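Student: Could we go through this structure together? I would like to begin with the helices and then ask about other things.

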Amino acid sequence: MIPDSIGRYLRRRGMDGPWTLEGATAHLFAGAVVIPSLAEGNHLFATLASLAAATPPPQPWLTIVVVNHRRQADPYRQQVNRDDLARLRHSGGSCWGLPLAWVDAATDGRELPDKDGVGLARKIGFDLALPCLDYRGAAPLLASLDADTLVRPDYFLALHRHFRQARAGAAVIPFCHQPADTPAGQAAIDRYELYLHHYALGLELAGSPYAFWTIGSALSFRAEAYARMGGMNRRQAGEDFYFLQQMAKTAGVARLHGTEVYPSPRLSDRTPFGTGPTVGRLLAGEQEAVRFYHPECFRLLGRWLELVGSALVHPATEVLAQARRLSNDLGDFLDGNDFGSVWERLQQNHPQPDGFRRAFHGWFDGLKTLQLIHWMSDRRFGRLAPQAALPPLLAWAGLTPADHSAAQLATLRRHLAGTST
């Protein structure tokens with residue numbers, strides 16, 4: 001039986017459309033992996049093969065593929081999607097022993113609206129998965145993957161092991177991009193991955209509660225936490241960032257250890273921004289597509305968060321004055337975001353320290369944190385090449401400050417995967 005909280009979510013905020021689940025839907029599962037797929041062809045089936053090759057979880061999981069495109073998709077992508085649907089239907093609901101279901105969001109009358117994209121595709125999969133989960137034992141889990149991302153054999157076991165003990169309702173999974181086909185492609189994906197890792201490390205050093213990477217193929221969460229936070233959004237891109245930000249506010253986000261996933265390094269225009277388009281800009285010679293933040297941005301963020309933690313009962317004017325002593329640019333940013341009235345409202349509504357801290361970080365969230373980093377970069381610190389930004393950041397973290405990208409990437413991967421020695 002579906003818990004009241006799940007049923008309430010589905011009635012109030014569940015997806016509304018013509019989409020249904022086909023395939024292995026006759027049983028209840030301990031978890032579900034949801035994979036949006038847009039003209040993926042063999043990439044999709046390589047991903048399914050990696051899931052099938054993984055050590056089986058203690059109780060069976062369902063894998064759900066949401067084959068999708070918008071109404072205006074080009075004829076080639078429509079044809080690949082038709083072929084993929086045919087292959088999935090031919091599987092009969094079992095792909096190399098993997099319980100498999102799929103959603104047709106690609107044929108006439110079932111396409112995604114033109115204003116929607118990968119966010120809605122993920123939401124369709126998660127919402128249709130909820131009634132297929134077994135709520136009688138351990139809290140059922142959901143995982144988000146991409147159709148060109150491979151998993152390690154310990155994928156399912158690591159997810160189960162993590163959520164048996166974790167307090168946070170969601171987790172990000174360590175990731176490492178697959179090797180590129182060319183040296184130029186490898187350089188591009190290395191630079192982009194370094195950027196992602198350096199931002200997570202900078203937030204970690206600053207003490208931010210949003211110190212995690214936001215990769216749609218590298219996250220998992222309890223089904224109950226998904227319903228409580230209001231479900232996946234419908235964005236065409238950046239859906240993972242906003243989803244995890246909301247998870248951090250409502251259920252908490254932890255870093256999972258013990259496995260990793262392998263996203264594709266390829267150039268792609270499936271989303272307006274993100275890995276694929278950024279790799280394309282780098283391959284076109286646009287090195288400015290990925291510039292790094294000055295470590296001083298993170299140091300200032302850390303001093304600002306420390307100030308907040310020590311000034312919960314202080315009036316807004318005093319906190320703002322102290323912020324200006326840290327940096328006039330910080331003061332200008334806070335003024336521009338109506339800090340005075342926000343601070344007073346938070347103090348009135350949240351008299352207890354723990355509640356105030358949660359409310360403050362609900363306001364000064366992941367997006368506002370990123371906006372402050374951009375503000376400080378634009379007004380004071382500028383943006384740096386990786387060889388200038390990374391050595392001091394690594395040294396600050398107590399890591400070996402390597403001066404070439406391969407060693408820096410290896411160091412950051414080990415650190416963020418929790419395997420640094």
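**Helices, a packing contact and cysteines**

Student: Which residues are buried in α4?

Tutor: Please keep in mind that this is a predicted model. The buried residues of α4 are Val118, Gly119, Leu120, Ala121, Arg122, Lys123, Ile124, Gly125, Phe126, Asp127, Leu128 and Ala129.

Student: Why is α4 described as largely enclosed by the rest of the structure?

Tutor: The reason is that 12 of the 12 residues of α4 are buried.

Student: How far does α4 reach?

Tutor: Helix α4 covers residues 118-129 and reaches 17 Å from its first C-alpha to its last. That is close to the 16 Å expected at 1.5 Å a residue.

Student: Now to α6. How many of its residues are buried?

Tutor: In α6, 18 of the 24 residues are buried, so this helix is also largely enclosed by the rest of the structure. Its reach from first C-alpha to last is 34 Å, close to the 34 Å expected.

Student: What follows α6?

Tutor: Gly207 follows α6, and the phi of Gly207 is positive, near 80°.

Student: And Arg191, is that buried or exposed?

Tutor: Arg191 lies in helix α6 (residues 183-206). With 14% relative accessibility, Arg191 counts as buried.

Student: What does Arg191 touch?

Tutor: Leaving aside residues up to four places away in sequence, Arg191 touches Leu282, Gln287, Val290, Arg291, Phe292 and Pro386.

Student: Changing topic: at what angle do α10 and α16 pack?

Tutor: Helix α10 (residues 295-310) packs against helix α16 (residues 386-396) at an angle of about 40°, and their axes are 9 Å apart. That angle makes α10 oblique to α16.

Student: Which residues make the contact?

Tutor: From α10 they are Pro295, Phe298 and Arg299, and from α16 they are Ala389, Pro392, Leu393 and Trp396. By class, this contact of α10 with α16 has 6 nonpolar residues, no polar ones and 1 charged residue.

Student: One last topic. How many disulfides does the count come to?

Tutor: The count comes to 0 disulfides.

Student: Are Cys95 and Cys132 buried or exposed?

Tutor: Cys95 counts as buried at 8% relative accessibility, and Cys132 counts as buried at 10%.

How values were computed
Residues numbered from 1 in each chain as written. Predicted model: local features only at pLDDT ≥ 70, side-chain atom pairs only at ≥ 80, totals over all residues. Heavy atoms only, no water. Helix = DSSP H or I, 4+ residues; strand = E, 2+ residues; numbered from the N terminus. Expected span 1.5 Å × (residues − 1). Buried < 20%, exposed > 50% of the residue type's maximum accessible area, 1.4 Å probe, protein only. Axes fitted to C-alpha atoms, helices over the stretch in contact; angles between N-to-C directions. Parallel < 35°, antiparallel > 145°, perpendicular 65-115°, else oblique. Contact = heavy atoms within 4.5 Å. Nonpolar A, V, L, I, M, F, W, Y, C, P; charged D, E, K, R; others polar. Disulfide = S-S within 2.5 Å.
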